[in-house]
Amino acid sequence: MGLIKFYVRPITYMEQGPGTPRKIEGFVASPYRYSTIKVEDLAEHISLDSRVERSKVAVITDSLIKQIREMVLNGHKITVPHLGSFKPRIKSKIADKVADIDAAKFTAKMLFTPSQELKNELKAVRLEKVKLPTVPKDP
């Protein structure tokens, strides 16, 4: 089981809806990301886990990333067992008529959907609240 640390932060946003927009203030939990794992570090972990030379793992990892990007950019969905799927998505606004749908009016995005296995593991992960150090403000 994993462990995800989180901190509490204030949030302010304008609620849109019928009538006049109103300012909403409150607090939300955000993941505390204490480091960013680079591809080189991931390759090192894979090498230790699989006992395959790090240089070979790095070549395969680079190729995997390149192929996933290329496949998604060409409209394909890629499913990685135990992890999830990567697929292209189109973000567009609703149009009143079919003739109003124009490629210049929308953008391509990528969507990652976790596998059911990963979703279940995320539900079971342990969450731990941390307090971030405060930095004194200049007088």
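Phe-112 is partly exposed, at 33% relative accessible area. That label covers values between the cut-offs, with buried under 20% and exposed over 50% (1.4 Å probe, protein chains only). You're looking at a predicted model, in which local features need pLDDT of at least 70 and side-chain atom pairs count only at pLDDT 80 or more, while totals for chains, interfaces and linings use all residues. Residues are numbered from 1 along each chain as its sequence is written, and side-chain values use heavy atoms, leaving out hydrogens and water.

How many aromatic pairs does the count come to? There are 2. Rings of Phe, Tyr and Trp (its six-membered ring) pair if their centres lie within 6.5 Å; planes under 30 degrees apart are stacked, over 60 edge-to-face, and the rest tilted.

| Pair | Centre to centre | Angle between planes | Type |
|---|---|---|---|
| Tyr-32 and Tyr-34 | 6.0 Å | 40° | tilted |
| Phe-86 and Phe-112 | 5.0 Å | 50° | tilted |

The Phe pair links distant parts of the chain: Phe-86 belongs to strand β4 and Phe-112 to strand β5, 26 residues apart. Strands here are DSSP runs of E with at least two residues, helices are runs of H or I with at least four, and both are numbered from the N terminus. Is Phe-86 buried or exposed? With 16% relative accessibility, Phe-86 counts as buried.

Strand β4 (residues 84-91) is joined to β5 by 8 bridges, and Ser-85 has Thr-113 in β5 as its bridge partner.

What about the Tyr pair? Tyr-32 is partly exposed at 33%, while Tyr-34 is exposed at 59%. The charged end of Lys-5 sits over the ring of Tyr-34, 5.9 Å from its centre (the rule: NZ of Lys or CZ of Arg within 6 Å of the ring centre and within 35 degrees of the ring normal). Lys-5 also stands opposite Glu-128 in β6. Strand β1 (residues 3-15) pairs with β6 in the parallel sense over 4 bridges, as part of an open sheet of 3 strands in the order β2-β1-β6, with mixed pairing.

Definitions and conventions. Pairing = 2+ DSSP bridges.
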